[in-house]
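Dear colleague,

Please find the structure below for your study.

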Amino acid sequence: MGRRPQPEIKERLLDACTDHALEHGLPDRLDPLAAAAGTSARMLIYHFGTRDGLLRAVLEHARQRQLSTFGDLLRVRPDQPYTVTLATAWTVMTGPEGQPYLRMFGQLRESAAQQLWPDFRRVATTDWLGPLEEGLRSIDRPELATLVLAVIRGLLMDLDATADRTRTDRAFSDFLSSLDHQIVRERPTAQRRPG
């Protein structure tokens with residue numbers, strides 16, 4: 001008679017493997033993940049089936065963490081303009097808290113890693129459209145979600161390629177300023193804020 005599945009052990013292993021992968025990247029072998037989880041490669045295979053099964057689970061778990069953290073950053077706050085919310089989200093996404101996710105999911109653009117999650121590029125785009133549409137609805141511009149997402153993704157790729165944080169931060173700030181100006185210009189005179 002075989003052992004019964006123990007979901008709490010699998011979850012603990014997945015958390016430890018995800019922590020390690022976010023800090024060090026996806027490994028080629030299971031040994032670093034096994035060491036980080038305090039177990040053996042054999043036990044990882046027992047719980048996740050294959051190396052690729054484990055790596056897919058790690059990617060999906062990391063993605064859920066990212067969606068939870070960054071999704072909260074994009075949430076509308078009644079006490080601040082949505083462009084301020086976007087500026088704060090950009091700072092966190094590109095800062096120390098966001099860097100591990102950018103590194104990990106950047107690996108999925110490489111052909112070998114992309115096979116672990118073939119649909120990732122589409123999902124990585126559509127996941128963010130809903131939260132951005134909701135946020136931009138607060139300023140009556142939900143249709144700008146695709147544009148805002150394209151700017152964020154483009155600047156993230158630029159930052160990844162050049163490591164020029166000053167220039168990409170300035171570009172995002174300029175984009176948000178132009179968005180603010182467009183919103184003020186399109187708002188009827190009676191609704192405009194004094195200033």
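**Packing of helices H1 and H6**

Ala21, Leu22 and Glu23 in H1 meet Pro100, Tyr101, Arg103 and Met104 in H6, where contact means heavy atoms within 4.5 Å. By class, this contact of H1 with H6 has five nonpolar, no polar and two charged residues; Ala, Val, Leu, Ile, Met, Phe, Trp, Tyr, Cys and Pro count as nonpolar, Asp, Glu, Lys and Arg as charged, and the others, Gly among them, as polar.

Please note that this is a predicted model, in which local features need pLDDT of at least 70 and side-chain atom pairs count only at pLDDT 80 or more, while totals for chains, interfaces and linings use all residues. Residues are numbered from 1 along each chain as its sequence is written, and side-chain values use heavy atoms, with hydrogens and water left out.

**Helix H3**

Helices are DSSP runs (H or I, at least four residues), numbered from the N terminus. Just after H3, Gly49 takes a positive phi of about 90°.

**Gln80**

Gln80 is placed in the loop between helix H4 (51–73) and helix H5 (82–94). Gln80 counts as partly exposed because its relative accessibility is 25%.

Yours sincerely

Technical notes
Helix = DSSP H or I, 4+ residues; strand = E, 2+ residues; numbered from the N terminus. Buried < 20%, exposed > 50% of the residue type's maximum accessible area, 1.4 Å probe, protein only.
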